[in-house]
Amino acid sequence: MNNVKALGVLIREQRQTLLTTWRQQVRQLPSARNLDTPTLNDHIPALLDELADALQARSDQTIAEALVEGSPPAHGVQRLRKGYDIEEVVAEYNVLRGCIHDLAHSHGLSLEGESFHIVNRVLDQAIGLAVQSFAAEQAREVQKRRDEYLAFVAHDLRTPLNAIAVATSILEIAFEDREAAAETAATLKTLRRNVQQLQALVEKIIEENANVGPDAGIKLERRQFDLWPLVEGLVFDLRPLAQANNTRLINQVPRDLIINADASLVRRVFQNLISNAIKHTHQGEVLIGARQSAAQSAVECWVSDSGVGIPKDQLERVFDEAEQGASGESGASLGLGLAIVKTFVEAHGGQVTAESEQGRGSTFRFTLPSKT
C-alpha cells in the first residue's frame, strides 16, 4: 500500500482519536470553550471521511470527483451564530491540519508530496466554503440591522407627525378666537419643536444608513443629564395627542434625578411608551415616574396607564418584533414601538418588563444607568 492510501486508511481507523485530539485543542479558542461535543463537531467527522476518500481515490480520479458533496457551507454560518470570529473559523481547520500531521508522524507516515497536496487541497477547500458562507451571513446580518434601524426610525417619526397634525387642528380652531393668543403661541412652539425633531431624525437616517458596517449596532452617546426636563418636554409635545383622547399626562420624575445615558435614545424610549399608553387610555391618566435603585447603580423608570390593558396571552410577547399585531381590547396595535423600547434599553445594559391587567391598565418598567 502506498503512502497516500495508507494515510487514508489511518485517518479512517483513527477517526475518533483524531476528533478527540482536535476537540481538546479547539476548545482553547474563546468561542469554543462552552460548546457541547455535537455542536463543536458539526461536520468535522464527515470532513475526515471525505479526506480519507480523497486519499484512497483512484489515481485517475480528481479530488473534486472524490469529494462529491464537499464541506457544507452551513458550517461557516453555524460558527458565526455561535459567536466565532473569522480568525477562529480558519484556526479550527488549521488545528485539524496539525492533528493529521501529528497522527501521520506518530505512525511512521510521511505527510509530504502527493499526500501533503491532497490534505491541503481538501482542508483549504473547506476553509474557503466556511469563510464564504460566514461572509454571506454577516452581509445578511448587516442588511437586517439596516432594515431594523430604518423600521425603528420610521416608526418613531409617526408620533411627532401625529402631534403636528393634532396641534395643527387646534391652531385652526384657535385662530378663530383672537383671545386665545397665548394658547396659539404655545401650540406654535410645539409644532416647531416636533418639526426640528423630525429633521434631526431624517438627518440621522441619512448619516447612519450611509455608514453601516459589519460591526454596526446601536451606538450610544452617553452623557449625564437631568431626566425630569426630558420627560417634561415630551409631556408638553404629546399633550395634543393626550387631549384628543381626554387623557392626562402626569410627570412624576424627581427633579433632581440624573442619569448617564444616550439622551436621544432615552427620549425615544419614553416617547414610544407614552404614545402607546395614550393610544390605549381613553379618559384616564398616564403616569411617568422614575427613582434611584436601592443599589444606587441604576435608575428604575416606568410609564403607567389606566387604559384597557393587554391580554394575558400576549403580555409575554409584547416586546417581540413579530408581535406587531398584539393589541388591547380597543383593537389598537401595540406595534413596533415596544420592540424599539427593548432594543434601546438593552443597548444601555438595562432590562424592560411589562405588567398589565385587562380593564385596569398597564405598567412598563425599565432600568437605565445612574450617574454613578
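Start with the open sheet: 5 strands in the order S2-S4-S5-S7-S6, with mixed pairing. Strands here are DSSP runs of E of at least two residues, helices runs of H or I of at least four, numbered from the N terminus, and two strands pair if DSSP finds at least two bridges between them. Strand S2 (248-251) and strand S6 (352-357) are at the edges with a single partner strand each, so one side of each has no neighbour in the sheet.

A quick note before you click on: this is a predicted model, where local features need pLDDT of at least 70, side-chain atom pairs count only at pLDDT 80 or more, and totals for chains, interfaces and linings use all residues. Residues are numbered from 1 along each chain as its sequence is written, and side-chain values use heavy atoms, leaving out hydrogens and water.

Next, select 285-292 and 298-305: these are S4 and S5, antiparallel over 7 bridges. Leu-287 has Ser-304 in S5 as its bridge partner.

Now for the aromatic pairs, of which there are 2. Rings of Phe, Tyr and Trp (its six-membered ring) pair if their centres lie within 6.5 Å; planes under 30 degrees apart count as stacked, over 60 as edge-to-face and the rest as tilted. Pick Phe-270 and Phe-366: with centres 5.2 Å apart and planes at 65 degrees, the pair is edge-to-face. Phe-270 sits in helix H11 (residues 263-279) and Phe-366 in strand S7 (residues 361-369), 96 residues apart.

Last stop: Phe-319 and Phe-364, also edge-to-face because their planes are at 90 degrees, with centres 6.0 Å apart.
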